[in-house]
Amino acid sequence: MGKYFGTDGFRGEANKTLTVEHAYQVGRFLGWYYKEKNHRKCKVVIGKDTRRSSYMFEYSLVAGLTASGADVYLLHVTTTPSVSYVVRTEDFDCGIMISASHNPYYDNGIKLLNDKGEKMDEETILKIEDYIDGKTEEVPFAVREEIGCTIDYAAGRNRYIGYLISLATRSYRNIKVGLDCANGSSWMIAKNVFDALGAKTYVINAQPDGTNINTNCGSTHIEVLQKYVKENHLDVGFAYDGDADRCIAVDENGNVVDGDAILYIYGCYMKERGKLTNNTVVTTVMSNFGLYKAFDAAGIEYEKTKVGDKYVYENMTQNGHRLGGEQSGHIIFSKYASTGDGILTSIKVMEVMMEKKMTLGQLTSPLKIYPQVLKNIRVNSKPEAQNDPDVQAMVEKVSQKLGNEGRILVRESGTEPVIRVMVEAESMETCECYVDEVLQVIRQKGYEVE
């Protein structure tokens, strides 16, 4: 990770840690950089989520890009995976998504994608950071006919919708599907897809006002959709995050089906059909013990990466794997996309349900998940808090107590100023107890901030 860009872009509180000047500088550099690299006018496509500050950052990026001579195509409010799709299927030098994903509305972020629709490489990121810090020469302004222009490109978003619809294997006629759009990027797209496929679509949290994205809704507040599915007797529900690159499902009984369960369902489905390349699913270190035991029983191999769909995708491309993802709902189907895609994940879950003629609850029944508690603590220094000798000693003590009947994982967030403490054990009470013991030491050492 760099000084400004973490595992998922440049993220921070709007006009505090991430400012309009930062956005303008990113645009100025990229517009010049790709012109110099490719010896032609740069073409960039931009999407944004529904945060109030997204418009501000969009205008700043456009000003910087066009001032450096780039032409900018605007998808307007759309999802991160739609930007990825448009970049990789058309002649764009890079893509930009303005979003802080699952973060609160007052945060925002700048996600950069290369011409293949993948997360931007570290070398280019470091060059951008050096430019922001004034470590490189100022780039020239474009003049006269070389100045860039903006193009309304809602058609690109519509092509993405058509692509998603084309991936469904069967009609969803008479199936009652609930969608929680988190008052975010999916608020128009998801319903259009499911309606076109014939579902009886029930949508909640699809009235964005600029300040309600992710607020008590979406994949980070799955209890809202759980209640809605049960009350309305729906067949299945899908919840997305702010930029719709995550999906968490709810079965017909109101039970949560997280990213681990989705990996299990689709991994088994692919294996049954001889489509699971290398017989391997890529996970992260946050995946549950129960998932690995279920994979063992199904004869499926797995790999573990650092947390972040960026690392999952890197592993998949390096080794030729076709399925990977995170417990949080970032699921990557590399045949169809180069990033996590919440709506695509929904379609693939529906495919298994339809082809096997089973409910989501029936599909997940062989998977027994260990109780897990994950708590975040905001700290003034992530490295100091995690590497403190007393904190490390407590983590080791908990690990020894758990033995082979559980595990503890303490890590820094790649997108927020927090330390995440996770424990898996045979009972929820044990998990809570051990997580709190570690958090107590972090507080006692003075690292916590309000």
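Which residue in β19 does Leu 409 stand opposite? The points below take up that pairing, the sheet around it, and a separate helix contact.

1. In this predicted model, the residue that stands opposite Leu 409 is Met 422 in β19. Strand β18 is joined to strand β19, which covers residues 418-424, by 6 bridges, and the two strands run antiparallel.

2. Strands β18 and β19 belong to an open sheet of 3 strands, ordered β17-β19-β18, in which the pairing is antiparallel. The edges are formed by β17 (372-378) and β18 (407-412), each of which pairs on one side only. From one strand to the next, the twist averages 15°.

3. Helix α15, made up of residues 428-444, packs on this sheet and touches β17, β18 and β19, while the direction of the helix makes about 15° with that of β17.

4. Elsewhere, helix α3 (residues 80-89) and helix α5 (residues 154-167) have axes that come within 9 Å and cross at roughly 100°. Because angles of 65 to 115 degrees count as roughly perpendicular, α3 is described as roughly perpendicular to α5.

5. On the α3 side of this contact, the residues are Pro 81, Ser 82, Tyr 85, Val 86, Arg 88 and Thr 89, and they meet Gly 156, Arg 159, Tyr 160 and Tyr 163 in α5. Sorted by class, the contact of α3 with α5 comprises 5 nonpolar, 3 polar and 2 charged residues.

How values were computed. Residues numbered from 1 in each chain as written. Predicted model: local features only at pLDDT ≥ 70, side-chain atom pairs only at ≥ 80, totals over all residues. Heavy atoms only, no water. Pairing = 2+ DSSP bridges. Helix = DSSP H or I, 4+ residues; strand = E, 2+ residues; numbered from the N terminus. Axes fitted to C-alpha atoms, helices over the stretch in contact; angles between N-to-C directions. Contact = heavy atoms within 4.5 Å. Parallel < 35°, antiparallel > 145°, perpendicular 65-115°, else oblique. Nonpolar A, V, L, I, M, F, W, Y, C, P; charged D, E, K, R; others polar.
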